[in-house]
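I opened the model and kept short notes. The entries follow the order in which I looked things up.

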Amino acid sequence: MSTLTFGYAMCGSFCTFKKAMGVLEKLTQTGANVIPIMSEMSYNTDTRFGKAEDFRTNITNLTGNNIICCVKDAEPIGPKNLLDLLVVLPCTGNTLAKIANGIADTSVTMAVKAHLRNQKPVLLAVSTNDGLGTAAKNIGTLLNCKNLYFLPFSQDDYIKKPNSLVADFEKLPDAAIAAFEGRQLQPVLGF
């Protein structure tokens, strides 16, 4: 992986940021060049899960790269062919809906659109409270799209949040290898 360049995009599923940061750290330890991308919401919002500035500082320190955080800066990903693989971790229901419907109005959705023009893999790590609700149709649509792959996912709390889905972030290495091979890591549901 040390010869690869990964895009690592984070959306506003703030409750998963601690895990996402751990996955990012492991990815950087492989020697891969990691270009961080944050949605405008995740880049700017302080929550009970942490301060935006702290996350930004940690991400920049881990990757050694500046964070792409606006549509204008994400657009060159395609024309400059900057990435080998783009990971969206965590990927919210809002972002899933936008990708499924071709909407590129955030830094993350523009990064996905720009990267897909090069027909290279995008790996989505679902984290949404409505994955088995209104977001289910978007997941279904994206499962059938060329060059879009998912980290395996399952219900995270079927009693208190029966529609909620979350990806198994630890499967990123295996899912990335599968995506490079043009296949979906199986099983995609349940872990």
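How many aromatic pairs does the structure hold? I found four aromatic pairs; rings of Phe, Tyr and Trp (its six-membered ring) pair if their centres lie within 6.5 Å, with planes under 30 degrees apart counted as stacked, over 60 as edge-to-face and the rest as tilted. I looked up Phe17 and Phe55, which pair edge-to-face at 5.0 Å centre to centre, with 90° between the planes. Phe17 belongs to helix α1 (residues 17-29) and Phe55 to helix α3 (residues 52-63), so this pair ties together parts 38 residues apart in sequence. Helices (H or I, at least four residues) and strands (E, at least two) are DSSP runs, numbered from the N terminus.

I noted that this is a predicted model, where local features need pLDDT of at least 70, side-chain atom pairs count only at pLDDT 80 or more, and totals for chains, interfaces and linings use all residues. Residues are numbered from 1 along each chain as its sequence is written, and side-chain values use heavy atoms, with hydrogens and water left out.

I checked burial next: buried means under 20% relative accessible area, exposed over 50%, partly exposed in between (1.4 Å probe, protein chains only). Phe17 is buried at 0%, and Phe55 is buried at 11%. Ring pairs also link Phe14 with Phe17 and Phe55 in a cluster.

Then I turned to strand β4 (residues 122-128). Seven of its seven residues are buried, so β4 is largely enclosed by the rest of the structure. On one side I listed Val122, Leu124, Val126 and Thr128, and on the other Leu123, Ala125 and Ser127.
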